[in-house]
Amino acid sequence: AGIEDADPSPDGMTAAAVRCSAGRCDLVRVTLASGKIETLAAGSPLRAYYRPRCSPDGRTIWQVIYRGMLSREVATGKSVEHIPGPSGVPRVFNESAVAPDQSFFARCVGRDLWIIKSSGEPEFAVKNDGRKSFTAAAVHPTGRFLAATSNDATVKIYVAAPSSIAS
């Protein structure tokens with residue numbers, strides 16, 4: 001079926017995923033019990049979807065796009081929010097993760113882990129302490145901590161900036 005990067009919804013009934021075929025990657029929803037695949041947003045040679053993530057409440061799917069993050073309603077696939085990537089943050093990245101309250105997202109960019117406010121402004125960047133590159137990030141359910149992995153097989157925990165902490 002060509003399904004990649006599936007992320008189960010909180011209720012475990014569906015998963016957000018990417019289906020790649022013939023040079024394009026579509027954003028899809030998979031019904032886990034039946035295997036039914038529904039296209040939420042069609043990709044093209046110029047628009048590919050990458051590593052979608054279900055929101056903690058299960059109502060939206062966040063996906064990385066070339067210049068930021070985009071959320072879509074799970075029920076309809078309609079685009080509901082776009083967080084632009086700030087001009088000071090490189091466009092090439094490995095992974096992003098959204099805070100539970102959607103106030104910020106963390107983006108792995110080579111040797112840096114950027115924290116970007118929902119307004120699109122960079123809050124701060126954690127500089128790599130000699131490790132090779134950040135490869136993935138996850139935000140704690142409280143929004144207070146970030147976990148980041150790197151390609152040297154380590155995981156580190158960071159405290160989010162005080163203004164990014166979910167209330």
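**Entry 1: terms and model**

I start with strands, which I take as DSSP runs (E, at least two residues; helices are H or I, at least four), numbered from the N terminus. I call two strands paired if DSSP finds at least two bridges between them. The model is predicted, so I note the thresholds: local features need pLDDT of at least 70, side-chain atom pairs count only at pLDDT 80 or more, and totals for chains, interfaces and linings use all residues. Residues are numbered from 1 along each chain as its sequence is written, and side-chain values use heavy atoms, with hydrogens and water left out.

**Entry 2: the β1–β2 hairpin**

I looked up the hairpin of β1 and β2 and found 5 residues between the two strands. G12 sits in the turn with a positive phi of about 75 degrees. Strand β1 covers residues 3–8 and strand β2 covers residues 14–21. Their pairing is antiparallel, over 4 bridges. I checked one partner: P8 bridges to A15 in β2.

I moved on to the loop between β2 and β3 (24–31), where A22 lies. A22 is not a glycine, yet its phi is positive, about 50 degrees. Most residues other than glycine have a negative phi. A22 counts as exposed, at 82% relative accessibility.

**Entry 3: the disulfide**

I searched the whole structure for disulfides, meaning pairs of cysteine sulfur atoms within 2.5 Å. The search finds 1 disulfide. C20 is joined to C25, with 2.1 Å from S to S. The angle about the S-S bond is 110 degrees, and the link of C20 and C25 is right-handed. Are the two cysteines buried or exposed? C20 is partly exposed at 23% relative accessibility. C25 is buried at 16%. I also looked at C54, which counts as buried at 16% relative accessibility.

**Entry 4: salt bridges**

I took a salt bridge as a side-chain nitrogen of Lys or Arg within 4 Å of a carboxyl oxygen of Asp or Glu. How many salt bridges does the structure hold? It holds 2.

- R24 and D26 meet through their side chains, at 3.3 Å from N to O. R24 is partly exposed, with a relative accessible area of 37%. D26 is buried, with 4%.
- R29 pairs with E38, and their closest N and O atoms are 3.0 Å apart. R29 counts as buried at 10% relative accessibility. E38 counts as partly exposed at 26%.

**Entry 5: L70 and V80**

I placed L70 in strand β7 (residues 68–73). L70 is buried, at 6% relative accessibility. I then checked the spacing of L70 and V80, which are 10 residues apart in sequence. Their C-alpha atoms are 7.7 Å apart in space.

**Entry 6: the sheet β13-β14-β15**

I traced an open sheet of 3 strands, in the order β13-β14-β15, with antiparallel pairing. β13 (134–139) and β15 (155–159) stand at the edges with a single partner strand each, so one side of each has no neighbour in the sheet. From one strand to the next, the twist averages 25 degrees. Axes here are lines fitted to C-alpha atoms (for helices over the stretch in contact), and angles run from 0 to 180 degrees between N-to-C directions.

β13 pairs with β14 (residues 145–150) over 5 bridges. I noted V139 opposite L146 in β14.

Next I checked the loop between β14 and β15, which holds A153. A153 has a positive phi, near 70 degrees, and is a residue other than glycine. At 75% relative accessibility, A153 counts as exposed.

**Entry 7: the nonpolar patch**

I looked for patches, which are made of residues with over 30% relative accessible area and no salt bridge; like charges are joined within 9 Å, and nonpolar side chains (Val, Leu, Ile, Met, Phe, Trp, Tyr) within 5 Å. Areas come from the Shrake-Rupley method with a 1.4 Å probe, and for residues only the protein chains shown count as cover. Which residues form the nonpolar patch on the surface? They are F145, V155, I157 and V159, with about 390 Å² of accessible area together. β15 gives the largest share, 3 residues. V159 lies in β15. V159 is exposed, with a relative accessible area of 56%.

Notes. Buried < 20%, exposed > 50% of the residue type's maximum accessible area, 1.4 Å probe, protein only.
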